[in-house]
Amino acid sequence: MADVKISQLPTILGIDNSHFFVVSDGITTSKVALSTISGFINPVLEYLVVGGGGGPGAYSPGGGGAGGFRSGSISNLTPGTVYDVVVGAGGAKGAYVVYQYSNAGQSGGNSRFGSVIASGGGGGGGGWQGAGCGQRATSGGSGGGGGGYWSPGGCTSNDSGAAGNSGGYTPSEGNSGGSGANLWAGAGGGAGGAGQSASANYPTFSVANGGIGKASSITGTPTYYAGGGAGQNGTGGLGGGGTYAEGQYDGVPNTGGGGSGTGAGGSGIVVVAYPGISSRVTITGVGATTDLVSRPGFVVHRFLTVGNSTLTWNG
């Protein structure tokens, strides 16, 4: 694994004719906007943390809930502080055996930056399929959608969507999943809205769309994350939710989108940004890539690979 480390802190060399500061860390030279130069003196580190998306249930499957979405910033940074970084995995689809059982999807894994934790998305509920009730949807960053049931067999109490914001955070990290109906399943919740409940009972056609995610501009480009997985015949929530209607069942990797149909939840992501150049941090561990282009005056690190890393603030 490679370290990102430059020991010499940035030096201001001058101002160019475009009114950018020209700075150097002794190895590379960069331009920094005048509006961001104060960040060298009183830096603020921004973060985005998204948990892994939940997997869909089995047999008339409820959509997986999106991973939790948390963002903010840290000021008064102390040189030598080490932040643990964890990217959560997406949850797998629930297992079933015909006329025996129908399980809920697996929850996604938590993601973390320092003390900030984004919960993994809840698993979608399993549908009723002959011998007993499917498992209920589970709560998470956003909750899984309820599985479909068959009214002659009962189990209507198992069709409810699960709650979101399992971490109990303010502002909320996510929303609840939608409820299932007779043979139709509900959708998983997203960071920006609840998953839709099944719109009708069989044989009437039903659509349940995943809850919308939330946008972040931490990379310099507004991007949606943490969309809920679709219920049957629905579309995944904006932000990487799996789509049942088009057969794109998996949640999109590194969005925390919930899974749908026969897919799995998308992995989470951690993003940090700070003014200046990369000498300000040391990164060790898996999956750190650096974006130096899309946000002038800032360094943006995107942690994409599931697993553990550390980021040390050098000052």
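Biologist: Where is Q106 found in the chain?

Modeller: Q106 sits in the loop between β8 (101-102) and β9. Strands like these are DSSP runs of E with at least two residues, helices are runs of H or I with at least four, and both are numbered from the N terminus. This is a predicted model, where local features need pLDDT of at least 70, side-chain atom pairs count only at pLDDT 80 or more, and totals for chains, interfaces and linings use all residues. Residues are numbered from 1 along each chain as its sequence is written, and side-chain values use heavy atoms, with hydrogens and water left out.

Biologist: Why is Q106 called partly exposed?

Modeller: Its relative accessibility is 49%. Buried means under 20% relative accessible area and exposed means over 50%, with partly exposed in between (1.4 Å probe, protein chains only). Q106 therefore counts as partly exposed.

Biologist: Which residues does Q106 touch, not counting those up to four places away in sequence?

Modeller: Q106 touches G54, G55, G91, A92 and G123, where contact means heavy atoms within 4.5 Å. The C-alpha atoms of Q106 and G57 are separated by 8.1 Å, although these residues are 49 positions apart along the chain. For the protein, 56% of the contacts with a separation of 6 or more are between residues 24 or more positions apart.

Biologist: What makes Y59, Y96, V98 and Y101 a nonpolar patch?

Modeller: Patches are made of residues with over 30% relative accessible area and no salt bridge; like charges are joined within 9 Å, and nonpolar side chains (Val, Leu, Ile, Met, Phe, Trp, Tyr) within 5 Å. A salt bridge is a side-chain nitrogen of Lys or Arg within 4 Å of a carboxyl oxygen of Asp or Glu. Y59, Y96, V98 and Y101 form such a patch on the surface, with about 390 Å² of accessible area together. Areas come from the Shrake-Rupley method with a 1.4 Å probe, and for residues only the protein chains shown count as cover. Y59 lies in the loop between β4 (45-50) and β5 (69-74), and at 40% relative accessibility Y59 counts as partly exposed.

Biologist: How many helices and strands are there in the protein?

Modeller: The protein has one helix and 17 strands. Five of the strands form an open sheet in the order β10-β9-β6-β17-β14, with antiparallel pairing. β10 (116-118) and β14 (281-285) each have a single partner strand, so they stand at the edges, with one side of each left without a neighbour in the sheet.

Biologist: How do you know that β6 and β17 pair?

Modeller: Two strands pair if DSSP finds at least two bridges between them. Six bridges join β6 to β17 (residues 307-313); for example, Y83 stands opposite L311 and V82 stands opposite T312. β6 (residues 82-87) also has two bridges to β9 (residues 111-113), with V85 and F113 as bridge partners.

Biologist: What makes β16 mostly covered?

Modeller: Five of the six residues of β16 (residues 298-303) are buried. Six bridges join β16 to the antiparallel strand β13 (residues 269-275). In the protein, 53% of the 315 residues count as buried.
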